[in-house]
Amino acid sequence: MIKYFPYPTSCICQFILLLSLSACQDHKPKEELLSPDDIPAVTERVSPISDDVPPISDDVPPISDDVPPISDDIPPISDDVPQVILNIAPLASEVTIITPTQPNKDITASYTYFDEHDIEGSSLYRWLIDDIVIADSFSFTLPSDSEAKNLIFCITPIAATGEITQGLEVCETQVITGQYTKPTIDALVLTSSITTGIEVSATYLFVDENERLEGDSVFNWKINDSDYSAQKIITFGVEQQGSFLILCLTPIAISGENATGDTICSDQVMIAAKAGSAPSVTNLQLANFAKATNNMSVSYDYVDSDGDLEFDSTTVWSIDGAQVSQMPDYILPYDSAGKLLSVCVTPIAITGSPTEGATSCVAEYIADIVITGELELSDDVPQVILNIAPLASEVTIIPPTQPNKDITASYTYFDEHDIEGSSLYRWLIDDIVIADSFGFTLPSDSEAKNLIFCITPIAATGEITQGLEVCETQVITGQYTKPTIDALVLTSSITTGIEVSATYLFVDENERLEGDSVFNWKINDSDYSAQKIITFGVEHQGSFLILCLTPIAISGENATGDTICSDQVMIAAKAGSAPSVTNLQLANFAKATNNMSVSYDYVDSDGDLEFDSTTVWSIDGAEVSQMPDYILPNDSAGKLLSVCVTPIAITGSPAEGATSCVAEYIADIVITGKLELYQTISLAITGYSFNSVTWRILHPSHSPIRSNDSSSFTIASPTEEANWLIGHDLEVCIDTIESGEICLLAAEQAVTEITGGLPTQLDTDNNISKRVIAPVSFIDLTISGTSKRLHRPLNVTESTLANINSSGSVPLHNDQYIDGNTGIIWAIYDQQTALDSCSNRSMILPVQGVSDTSDDFGLQQFYNQTAIDYAQFSDSYIVRGMGWPGVYYRSSSFHSTGNHYDYYLLGGFGDYIDDDTTEAAACLTTLP
């Protein structure tokens with residue numbers, strides 16, 4: 001929309017009048033009206049307008065601001081002055097810094113350039129970080145240390161052509177935050193020797209795809225699954241020996257989004273004793289006499305060259321090779337007399353490695369008295385020697401009972417007379433005989449089954465060579481480390497509508513097969529599925545996916561390993577076409593206080609439905625709202641409204657389409673100009689469609705239509721006196737299609753739009769509360785190269801303001817005069833007051849100009865000039881042509897003693913008026 005503002009006819013006059021009146025707005029008028037009987041004396045001197053005066057031509061143009069003082073050679077004013085097209089400055093709007101704002105990466109911005117007439121030239125750019133200018137190009141590389149600082153992009157739009165090429169600078173601010181994936185830990189390995197008394201640490205690789213440095217990654221050492229230390233290097237005391245150690249490490253980048261990665265834990269390791277010498281037992285002996293019913297104990301010397309203290313050495317008592325107790329003391333049974341008592345001590349240290357020493361044993365027969373002798377028998381009777389069966393005791397299956405590994409056992413053979421021969425062995429698994437050798441290999445599927453070893457002792461000689469079978473039972477449980485997961489990788493494309501899975505390596509040091517490892521897919525940190533292969537719906541688009549996998553071996557101790565989680569990945573949309581917006585338009589009329597919305601067609605060739613498309617409202621290039629609807633402010637009339645819609649789909653990739661914008665000026669009707677006779681009031685209609693325009697002067701008796709011009713109106717008429725125009729208000733009415741008839745009163749408009757006007761009323765604070773069309777402000781006259789200006793008289797309101805604003809130096813009027821045609825109350829003065837009023841406003845009172853030749857610029861000369869300027873009026877030029885009051889103008893010259901010769905400017909006649917007669921006072925200034 002282009003606004004047209006025709007130039008007013010006398011800009012210099014308007015400016016001077018505005019300055020002279022603006023200083024007079026603080027005081028109440030003194031209203032003393034003349035009686036109606038006084039008026040005829042004045043009006044009788046007014047000559048009627050001749051019928052022969054031709055009408056004023058319609059072709060008089062408005063007076064330009066650059067017109068020099070009026071001379072006799074000025075041609076009639078024409079109506080054909082060209083209209084001036086207002087050229088506005090360019091606008092920059094929708095300024096956006098394009099993310100991500102990532103240190104060490106290039107950053108750029110976007111904006112919308114608007115100029116109704118001119119294309120964009122070399123617009124100016126500024127980048128600032130924390131208010132320090134960094135670059136003046138459209139894009140630059142963010143410094144590596146810029147994370148979390150304030151980034152500002154400013155654009156000053158520059159038009160390539162036009163009268164006003166530079167617009168206002170518009171800026172956008174954003175905190176610098178990169179778009180990062182979380183850092184990870186790779187190759188986490190603990191110190192190879194995890195023992196007491198030495199420093200333990202870990203090595204690992206800190207991996208960050210965005211090349212960020214490592215920050216304060218969190219160390220969490222755990223002993224037996226309880227938090228122990230957050231130090232990077234630790235040392236364990238002997239009290240931790242035999243405990244299980246794990247390090248859980250959380251990687252943290254030095255800055256940025258997703259700075260904290262997922263915690264990863266090491267394998268569990270037992271804290272071993274510091275390597276040294278095994279303890280030993282010396283001088284082992286029974287502490288008391290071995291006799292049935294006696295309480296037996298042992299004494300010995302505990303020896304450890306490393307100084308490791310004794311912990312809980314084991315004591316094993318046996319009678320005739322059969323273990324009977326593992327207590328430190330043992331009461332011999334009453335039937336044990338004569339039997340072989342043996343005791344074995346295995347020394348065990350609290351600390352050190354190895355902690356267990358060699359077993360030492362001592363044996364002694366339990367006291368007994370036996371009657372022996374020889375019976376004298378017949379030489380023919382053979383002697384009989386008693387021979388008992390061999391015994392097997394302390395039968396033990398030697399651990400570990402590990403599938404696929406060789407297994408064996410131990411036992412104690414006892415026979416008082418005969419050595420061991422080929423004893424018999426049996427191995428059973430779940431009561432099924434598996435082997436008959438002393439050792440064999442456990443089957444791979446034997447985990448958790450019952451393993452039985454049986455020994456039948458066989459003597460090499462003797463009468464009774466086979467003893468009783470003795471068995472030992474144990475559940476097969478291997479000694480394993482936990483399985484682990486390595487190289488966990490999700491499907492390369494994580495999008496909706498396709499199957500997603502993972503690849504990984506199941507690692508088990510004992511070569512166990514993988515069992516039912518546990519899959520736990522998480523969406524936004526909430527458990528989602530335990531399936532190995534999953535498919536995501538559109539509702540998951542944009543969510544974050546993690547797979548946490550717990551390795552489980554098919555059997556055995558430590559079958560369940562530590563859970564490991566993948567990196568977090570966003571579930572993307574299935575690739576397709578971006579959505580778009582067509583037929584974008586304002587859904588209702590753009591007018592201040594209206595609730596605005598938009599209508600458009602959403603198009604997506606993939607059939608993706610619309611999600612939450614963004615709407616951005618701007619006024620004069622400044623963003624004001626991102627709501628779908630926006631109520632236009634009261635003060636928005638005439639401003640440029642723009643709205644931009646960015647289509648966003650629920651599903652699909654890309655989900656966001658190109659932004660579409662539409663702009664329109666907010667409806668406004670503005671009238672501008674000076675409210676004065678012969679001045680032009682311009683009309684600018686924005687946003688409205690209209691049928692007609694009507695201009696009226698609100699004279700109580702004459703208010704016919706003065707004009708139907710849709711762009712301007714000149715306050716003048718060739719067919720009537722000035723007094724029918726001045727002292728009244730101007731009304732313009734526009735019959736709009738959108739809002740019906742809209743009428744504006746010129747005098748009620750803001751002084752920034754309608755200037756000037758004759759003040760006629762003040763409020764209690766002496767501010768102008770009412771104004772009307774003013775008469776012509778002055779007459780200019782040039783004689784011999786010198787120009788002087790005769791200013792019109794003041795009305796009562798202006799006199800009051802001049803007096804108040806000058807703190808009384810400009811005197812108040814002595815009386816007042818009411819013009820019957822206009823209703824204006826003019827101020828009139830006596831001789832001295834008139835002189836003071838002019839001189840105290842830096843002006844003079846002009847001479848009469850007939851008999852007084854002291855000044856070439858007398859009232860007679862100005863009268864003659866007025867007759868030239870307003871030749872269309874045959875008589876009474878001032879009242880009829882300019883609207884000035886028809887009262888006497890005081891001369892400063894003396895005609896005779898006690899009297900002044902005054903000039904009646906209205907009619908041009910001389911007369912004698914005494915000193916006390918109050919008259920209107922027009923003051924004179926010399927133009928520079």
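Student: Which residues form a nonpolar patch on the surface with about 340 Å² of accessible area together?

Tutor: This is a predicted model, where local features need pLDDT of at least 70, side-chain atom pairs count only at pLDDT 80 or more, and totals for chains, interfaces and linings use all residues. Residues are numbered from 1 along each chain as its sequence is written, and side-chain values use heavy atoms, leaving out hydrogens and water. With areas from the Shrake-Rupley method (1.4 Å probe, only the protein chains shown as cover), the patch here is Leu309, Phe311 and Ile350.

Student: Where is Ile350?

Tutor: Helices (H or I, at least four residues) and strands (E, at least two) are DSSP runs, numbered from the N terminus. Ile350 sits in the loop between strand E24 (340–346) and strand E25 (360–365).

Student: How many disulfides does a search of the whole structure find?

Tutor: A disulfide is a pair of cysteine sulfur atoms within 2.5 Å. One of them joins Cys838 to Cys923, S to S 1.9 Å. The whole search gives 8.

Student: Is Cys838 buried or exposed?

Tutor: Buried means under 20% relative accessible area, exposed over 50%, and partly exposed in between (1.4 Å probe, protein chains only). Cys838 has 0%, so Cys838 is buried.

Key:
Patch = residues over 30% accessible without salt bridge, like charges linked within 9 Å, V, L, I, M, F, W, Y side chains within 5 Å. Salt bridge = Lys/Arg side-chain N within 4 Å of Asp/Glu carboxyl O.
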